[in-house]
Amino acid sequence: MKKKTFWLISMILLVGLLLVGCQPAEEAGAPEEAGAETVTITIWDFGGAEFSYLDEIAIPEFEEKFPNIQINHVGVLEDELGLKIETSIAAGEVPDIAIFVPTRVVAAGHVLALDDYMARDGIAREDYCSLFQSGNISNYGQFDDKVTSLPIDSNIWAMVYNKDLFAEAGLPELGTDDYINFETWLEYARAIDQPSENLEDRVWGSNMFVPVFNSQNNYMSSPFALGDDGRSCEGNANNADWMNAWDIMMTAYDEDLTPESAGVWFEDLEEDMFVQGKMGMTYSTLGDVVYARDQGLNVGLTGQPVVTEGWSGNVGGWNNSYSIMTGSEHPDEAWEFLKFLSTEAPLNIPLSSDMLLSDEPGLPGLPCYLPLHEQGRIAELIAEDPLVADSVSLMSHIVPPPFTPDTWTSFDEFWNVFSLVNDEGMTLEEAVNEATAVCQDATDELWEVFDSIGQ
Amino acid sequence: MIERSRKWIFPSLEGQKRREAFQGYLFLLPWIIGFIVFLLIPLGMAAYSAFTRWVLIDPPPRWIGLENFRAMFTKDKFFWWSLGITLKFMVMTLIPFMILGLALSLLLNQKLRGMNFFRTMLYVPAVVSGVAVTLLFMNLLHPEFGAINIFLRSLGVADPPNWINSPDWALPAVAFMGLWGIGGGAIIYLAGLQNIPPHLYEAAEIDGANSWQKFWKVTLPLLSPTIFFVLITGIIGSFQVFTPAYILGGVTRFGPGSKYLRFYLLHIYIKGFQQGRLGYASALAWILFFISAIVVFIIYKQTERFVYYEEEGKGSS
């Protein structure tokens, strides 16, 4: 080969490689801006039917009001959202707004403090519901005395019961001031249960109040299942009260008082058993109980069974809260949308069932922004709908748990207690203690990571 | 100027040789750049980060010396647990799969019609994506509807295992999945078998050796380098189990990172990418490297005793 040709080819190859390597990466996710002045805000949440109210109601309304701000709504699987947020931070491609930002991400300073925006626009912390005031970073909106997220709605996690089945079984009606424990729950479930080989005639006493889905996360025992410091599963999740509650739930399972005994899980059903009038009691948001009533059921709303006798926290709760990421390139526009979502949009978003398979877009609870309770549709609902009024009353029963980095991960192992007993032959005590040990390991790991932030 | 630079780089070479050497390295340059950028630099960063507290969402890394290693040995319960799971898996699978692979290769070494077809069919599973294989076995091993338990029930087993949903059977289920890939090992054995000179078998036959004696005295010794290779790669492969653990762990009732399937590599992944503790995960990875290196070194030391190289006599390398 001639020297010149060789050198020419080598130089071309080298320059070509350098040019290719130095190309900036295309920005993924956000669509191209429509014009020079239009800004696109990306918002991440779980998507799907649960958040369809954004696409169908809130975003069109906002974009009409702010034509220069386009909203790109991205749904991310709930199990993956936290990891996706963290990797987006590492990659430098964060969304503008995200729901349920992991606590360690908040602690690492990756969400904007909203206090200045709130002060500028005349929004006070006191304008928000009691759950927000608890100051707990875990989806209640505050960390280190700064507002880190704004809630859209505030949701109760209570018990809905079928009044007709209760009356048939000779049981009293329950109201918002009534408290039941698991012994009473079992007694009611036995009274309501109507065994039958025929599914059409079968009525179950209750849905299974699985602790990890209901009581553990929602502080329905005293002490909290992770202790006062949120770090100690051992001794708190497997104390005498919890063993008693597990024993009762296992009894209900063995006596076939719940659909779980038949291997029927509510999410597998084409139509929910409670809505069909085939179950006496189940867990519920406000949206669920209103939906059940709209399907023709005669329903009532009350607190869930508590694990500890006399404990007042018989209702769980959470806010759907969004945060603005510090890496957002358009924080002002992101604030406008977040403010709209929190302080205006809920007026036009109907109530919708979270658990009972409704297809309608909507929120499962009332707005957390209290001034909306005195306006329009919301004020009418509170004044005229007894179930809505009951939910407002039950809101005061919520006792927010002590902060812990991630209660779901901590308690996750307790989903396996029944399987450990029924499939692996453990005693109930062994199974609960095994789950508690795993819970403790998981909690220790979570705290280790959380505590290492900023050191 | 070019000639001067060549003289500077290759002072001891003259003229044409210098030019050729320079051109050779120029052609090697892309690989060298890749080696430095994608191997050396990451290795260096991994070595550095193992001594730092480096959290994904809380950079920059901060030097903490041996703290990661101390925490690993004294505080991290899953460190020892995941090593135990990995070693148990190795014990369950290494020798049995080597024996099965060898048996399969002896079958494939027969001179029968259609043998190429069988060799191809048995090797194809080894090249199928690990994710696809795991998903396939996820369905096969379903406690209620999986084909394996249906088959076991048809044989009269009233209570077949819950497989990945059982603390006792989750690891054997993953080991069972490994059978899918024994075709790969069998092909390697097959190559070794076909390198054994036929005249040795002829000589053995003349001496009155039966099949077993031929296998034990001729086949095994001359196949020992191949067996040694499969053993080393099998050990390294056991330390690198990730895909089935990650996918199956995520769908078992025990949840992601299920402790019964918490292989060491999965533990590294959980620490590094789920918990964002990159420094600690780097330290774990280096421990894996050293453990693997020690194990392979110990086995290499046994080469003289157990591996026979025909050209220079037993145990020569």
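## Domains

In chain B of this predicted model, the domain assignment gives domain 1 (1-48) and domain 2 (76-314); such bounds come from an automatic or database domain assignment. The C-alpha centres of domain 1 of chain B and domain 2 of chain B are 40 Å apart.

For chain A, the assignment gives domain 1 (39-152 + 318-361) and domain 2 (156-316 + 400-449). The centres of these two domains of chain A, taken over C-alpha atoms, are separated by 29 Å.

## Numbering and confidence

Residues are numbered from 1 along each chain as its sequence is written, while chains are lettered from A and ligands numbered from 1 in the order in which they are written. The model is predicted, and local features need pLDDT of at least 70, side-chain atom pairs count only at pLDDT 80 or more, and totals for chains, interfaces and linings use all residues.

## Overall form of chain B

Chain B has 15 helices and four strands. Helices (H or I, at least four residues) and strands (E, at least two) are DSSP runs, numbered from the N terminus.

The C-alpha trace of chain B spans about 80 × 60 × 35 Å along its principal axes.

## Helices 10 and 11 of chain B

The axes of helix 10 (residues 198-206) and helix 11 (residues 211-239) of chain B come within 10 Å and cross at roughly 140°. That makes helix 10 of chain B oblique to helix 11 of chain B. Axes are lines fitted to C-alpha atoms, for helices over the stretch in contact, with angles from 0 to 180 degrees between N-to-C directions; under 35 degrees counts as roughly parallel, over 145 as roughly antiparallel, 65 to 115 as roughly perpendicular and the rest as oblique.

Leu200(B), Tyr201(B) and Ala204(B) in helix 10 of chain B meet Lys214(B), Lys217(B) and Val218(B) in helix 11 of chain B. By class, this contact has four nonpolar, no polar and two charged residues. Ala, Val, Leu, Ile, Met, Phe, Trp, Tyr, Cys and Pro count as nonpolar, Asp, Glu, Lys and Arg as charged, and the others, Gly among them, as polar.

## Contact between the chains

In chain B, 19 residues are in contact with 23 residues of chain A (C-beta atoms, placed from the backbone, within 7 Å). The side of chain B that touches chain A has six nonpolar, seven polar and six charged residues.

## Backbone geometry

Most residues other than glycine have a negative phi, and most peptide bonds are trans. The peptide bond from Ser222(A) to Pro223(A) is cis, with omega near 5°, and Pro223(A) sits in the loop between helix 9 (182-192) and helix 10 (240-254) of chain A. Pro59(B) and Pro60(B) are also joined by a cis peptide bond, with omega about 0°; Pro60(B) belongs to strand 2 (residues 58-63) of chain B.

Phe100(A), not a glycine, has a positive phi of about 45°.

Notes. Two residues are in contact if their C-beta atoms, placed from the backbone, lie within 7 Å.
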